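Here is a friendly walk through one model, meant to be read with the coordinates open beside it.

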Amino acid sequence: LGYRTVPGEVDDGNPVTSIDQLYIQASALHPLLQHLVIKWASVSSGMFLYRGFSASEDHQGVSSNAGPHNQRSCDTFESWEHAKIRFIDEEFKFTHGVKWAQLKKPGRAFEKVMRKHRGDVSRVLDICRQSITFKTVQDVELCLKAIAADPTVKIVRLKNRMSLEDDARDTGGYRDCLINLRILEENAVALGLDTHVCEVQLILESFAKQKTSDGHKRYVKFRNMKAE
């Protein structure tokens, strides 16, 4: 092409114009981001949404469905170490385990491009995303420090929606901490993916439980009313 970019640096004069390009990059970065959130959660008491059978009738999960042998398929929040132990004993490994966030649905990505970003594809920063759940704000702070100190990523934006200065009416009362970052890990640089921006959501368990139930459906209706 007649020029070369510096690894890890963004060429603001040549923004991404193809959403297909964003999805190709996001697909390749998806497993790398999983590895990173596991590392950060492990040093900050972070948890992940886990689906597995529970024989207990009074088990307090996020949601549950009837399964074989009078067991119930129940969503809970587990540390990575506990999730690994539970998964070893799972009978239905195809449907059970950690429920990782998938790539943003293309339809929703197109909505954001047209509704919020006036056709600018490069402003979509959450096609590749993951979340970590915490019991306390102190644990969220620990995770933030771990991410900030990690040399394999570069934070490009931090949106603290837990702040009292943030107007929660804009999100229907929902609060979290959003981190947009670029992955500078060796494999990402080698594949030319180090300029792609991913998103990590840090969420308190009380809000995460609402997000994984009917609360998210209500939020989508609220968002559509705002044309976002």
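## A histidine, a sheet and its helices

His 82 is found in helix H2, which covers residues 80–88. Helices here are DSSP runs of H or I with at least four residues, strands are runs of E with at least two, and both are numbered from the N terminus. Before going further, please keep in mind that this is a predicted model, in which local features need pLDDT of at least 70, side-chain atom pairs count only at pLDDT 80 or more, and totals for chains, interfaces and linings use all residues. Residues are numbered from 1 along each chain as its sequence is written, and side-chain values use heavy atoms, with hydrogens and water left out.

Tyr 50 lies 32 residues from His 82 along the chain, and their C-alpha atoms are separated by 9.9 Å.

Now for the wider view. The protein chain has seven helices and eight strands, and buried residues make up 40% of its 228 residues. Contact means heavy atoms within 4.5 Å. Among contacts between residues at least 6 apart in sequence, 66% join residues at least 24 apart.

Four of the strands form an open sheet in the order S5-S8-S7-S6, with mixed pairing. Strands S5 (129–134) and S6 (153–160) stand at the edges with a single partner strand each, so one side of each has no neighbour in the sheet. On average, neighbouring strands of this sheet are turned by 20° against each other, direction ignored. Two strands pair if DSSP finds at least two bridges between them. S7 (residues 177–183) pairs with S6 in the antiparallel sense over seven bridges, and six bridges join S7 to S8, again antiparallel. Some facing residues are listed here.

| Residue | Opposite residue | Strand of the opposite residue |
|---|---|---|
| Asn 160 | Cys 177 | S7 |
| Leu 181 | Cys 198 | S8 |

S7 is largely enclosed by the rest of the structure, because seven of its seven residues are buried. Both faces of S7 are covered, with Cys 177, Ile 179, Leu 181 and Ile 183 buried on one side and Leu 178, Asn 180 and Arg 182 buried on the other.

H1 packs on it, touching S5, S6, S7 and S8 (197–204), and its direction makes about 15° with that of S5. H4 (residues 137–149) lies across S5, S6, S7 and S8 and runs at about 160° to S8. Axes are lines fitted to C-alpha atoms, for helices over the stretch in contact, and angles run from 0 to 180 degrees between N-to-C directions.

H1 itself has 24 residues (19–42) and reaches 33 Å from its first C-alpha to its last, close to the 34 Å expected at 1.5 Å a residue. That expected span is 1.5 Å times one less than the number of residues. At the start of H1, a side-chain oxygen of Ser 18 reaches to within 3.2 Å of the backbone nitrogen of Asp 20. Where does H1 kink? A kink of about 40° lies at Leu 29, shortly before the proline Pro 31; the bend is the angle between axes fitted to the seven residues ending at a residue and the seven starting there.

His 196 lies in the loop between H5 (186–190) and S8, and is buried, with a relative accessible area of 3%. Its side chain makes a polar contact of 2.8 Å with the side chain of Gln 25. Leaving aside neighbours within four places in sequence, the residues in contact with His 196 include Leu 22, Leu 29, Cys 128 and Arg 182.

Ser 45, in the loop between H1 and S1 (48–54), has a positive phi of about 60° although it is not a glycine. Arg 118 has a phi near 50°, also positive in a residue other than glycine. Arg 118 sits in the loop between H3 (106–115) and S5, and counts as exposed at 81% relative accessibility.

Notes:
Polar contact = N/O pair within 3.5 Å; in protein donor to acceptor, adjacent residues only side chain to side chain. Buried < 20%, exposed > 50% of the residue type's maximum accessible area, 1.4 Å probe, protein only.
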